[in-house]
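Q: Please take a close look at a single part of this structure. A connected account of its geometry and contacts would be welcome.

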Amino acid sequence: MEIVRLDINRFESIKAEIKGLIKESMVFSFPKYKISPNYYDDRLSCLETYIKDRSAIIYVALDEDKIIGWIWCHEIYRFDKKRLHVSNFAVNSNSRNKGVGNMLIAEAEKYAQDNGYSGLDLLVTKDNKSAVSFYFNHGYEVERYLLKKEL
């Protein structure tokens, strides 16, 4: 297995696999929501734009040239600090609990440290207990809560 930074050339060849990871992640994180099939194509289109303009920092875990996980980050400013925001992070269900997520988050953290970011931040679904535990085990802490009210 290897962790590589994704560029536009490689993106074209693994776009369908990334779409599958996004879908798996969304269905797992938001089981009560019906997500439009167009959502995934729209995300891929945006992602392609972000890769081309170099605003996306993406690492993929490859096993025999098949993508088994990925982490997509971008620069964000919070409280006057430059942070790396994790926009999407997923490991396919067959590859979980094998260190893939550890390697991906470590690569994103190394990138942030090497490039002058003060830290990383992300949103995680509160009911995704395994993800919440993963982040706490990696030293992440709650900074604030996202509240919502359905109307």
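A: Angles between axes are classed as roughly parallel under 35 degrees, roughly antiparallel over 145, roughly perpendicular from 65 to 115, and oblique for the rest. The model is predicted: local features need pLDDT of at least 70, side-chain atom pairs count only at pLDDT 80 or more, and totals for chains, interfaces and linings use all residues. Residues are numbered from 1 along each chain as its sequence is written, and side-chain values use heavy atoms, leaving out hydrogens and water.

Helices H1 (residues 8-29) and H2 (residues 37-52), DSSP runs of H or I with at least four residues, have axes (lines fitted to C-alpha atoms over the stretch in contact, with angles from 0 to 180 degrees between N-to-C directions) that come within 10 Å and cross at roughly 140 degrees. H1 and H2 are therefore oblique to each other. Their crossing is right-handed, the near helix being turned clockwise from the far one by less than a right angle. In the contact (heavy atoms within 4.5 Å), H1 contributes residues including Ile-8, Phe-11, Ile-18 and Ile-22, and H2 residues including Tyr-40, Leu-44, Leu-47 and Ile-51. By class, eleven nonpolar, no polar and eight charged residues make this contact; Ala, Val, Leu, Ile, Met, Phe, Trp, Tyr, Cys and Pro count as nonpolar, Asp, Glu, Lys and Arg as charged, and the others, Gly among them, as polar.

Terms used:
Helices (H or I, at least four residues) and strands (E, at least two) are DSSP runs, numbered from the N terminus.
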